[in-house]
Amino acid sequence: MNLSDPIADMLTRVRNAQNAELAETTMPYSRMKAEIARILKREGFIRDFVSDGDGAKRALRIHLKYGPEQEKGIEGLKRVSRPGLRRYTGRDQLPRVLGGMGIAILSTSVGILTDKEARQQKVGGEVLCYIW
């Protein structure tokens, strides 16, 4: 299956799995998706992620996080830049999500970073998504 926007597909799979209160969700693997999952784990939005299989059948499995009374670990996801309309930001205009309560994930010249990391490294880039 050929996807025109694999990051939007990843975010939709995570959103749908959380709405269905599933423990995990699986998607086709890519390095960019793995980097986004690494950031989500580091920021505390998901429990863990693993890469299964090898070659063309490689998959990324994300283990979702819930609170003691089944509160979602991720309240919202929003895809910002998309294939039809790329959104770039300079280092002076980096977005703040919910006044710093959420994160923006950017693709920069030094890799995939959060908005806070991009501010520290003084780089701008393509705004991939907002997560809160």
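Trainee: Let's start with a residue: where is arginine 91 found?
Mentor: Go by DSSP runs: strands are E, at least two residues, helices are H or I, at least four residues, and both are numbered from the N terminus. On that basis, the place to look for arginine 91 is the loop between β5 (88-89) and β6 (103-108).

Trainee: And what kind of model is this?
Mentor: Numbering runs from 1 along each chain as its sequence is written, and side-chain values use heavy atoms, with hydrogens and water left out. Local features need pLDDT of at least 70, side-chain atom pairs count only at pLDDT 80 or more, totals for chains, interfaces and linings use all residues, and the model is predicted.

Trainee: Back to arginine 91: which residues is it in contact with, leaving aside neighbours within four places in sequence?
Mentor: Contact means heavy atoms within 4.5 Å. Isoleucine 36 sits 55 residues away along the chain, with 20 Å between the two C-alpha atoms. The contacts of arginine 91 beyond its sequence neighbours are Lys122, Val123 and Gly124.

Trainee: Now the sheet: what order do its 3 strands have?
Mentor: Two strands pair if DSSP finds at least two bridges between them. β2 (residues 46-52) and β3 (residues 59-64) share 6 bridges in the antiparallel sense, and 5 bridges join β1 to β3, also antiparallel. The sheet is open, and its order reads β1-β3-β2.

Trainee: Which strands of that open sheet, β1-β3-β2, stand at the edges?
Mentor: The sheet is open, with antiparallel pairing. Each edge strand has a single partner, so one side of each is left without a neighbour in the sheet; the two are β1 (24-28) and β2.

Trainee: By how many degrees are neighbouring strands of this sheet turned against each other on average?
Mentor: Axes are lines fitted to C-alpha atoms, for helices over the stretch in contact, and angles between N-to-C directions run from 0 to 180 degrees. For the strands here, direction is ignored, and the average turn is 20 degrees.

Trainee: Which residue takes a positive phi in the hairpin of β2 and β3?
Mentor: The hairpin has 6 residues between its strands. The one with a positive phi, near 80 degrees, is glycine 53.

Trainee: What angle does helix α2 make with β2?
Mentor: Helix α2 (residues 31-42) lies across β1, β2 and β3. Glycine 44 follows α2, with a positive phi near 85 degrees. The helix runs to β2 at about 155 degrees.

Trainee: Which residues of α2 are buried?
Mentor: Buried means under 20% relative accessible area, exposed means over 50%, and partly exposed is in between (1.4 Å probe, protein chains only). By that cut-off, the buried residues in α2 are Lys33, Ala34, Ile36, Ala37, Ile39 and Leu40.

Trainee: How far apart are the end C-alpha atoms of α1?
Mentor: The expected span of a helix is 1.5 Å times one less than its number of residues. With 14 residues, α1 should span 20 Å, which agrees with its end C-alpha atoms being apart by 20 Å.

Trainee: Is aspartate 9 buried or exposed?
Mentor: Aspartate 9 lies in helix α1. Leaving out residues up to four places away in sequence, aspartate 9 touches Leu3 and Lys33. Its relative accessible area is 18%, so aspartate 9 is buried.

Trainee: What relative accessible area does proline 28 have?
Mentor: Proline 28 lies in strand β1. Beyond four places in sequence, proline 28 touches Arg13, Lys33, Arg58 and Leu60. Proline 28 is partly exposed because its relative accessible area is 39%.

Trainee: Over the face of which residue does arginine 58 lie?
Mentor: A charge sits over a ring if NZ of Lys or CZ of Arg is within 6 Å of the ring centre and within 35 degrees of the ring normal. Arginine 58 is 4.0 Å from the ring centre of tyrosine 29.

Trainee: Last one: at what relative accessibility does aspartate 115 count as buried?
Mentor: Aspartate 115 is in helix α3 (residues 115-121). Its contacts outside four places in sequence are Leu94, Pro95, Arg96, Val97, Ile103, Ala104 and Leu106. Aspartate 115 counts as buried because its relative accessibility is 3%.
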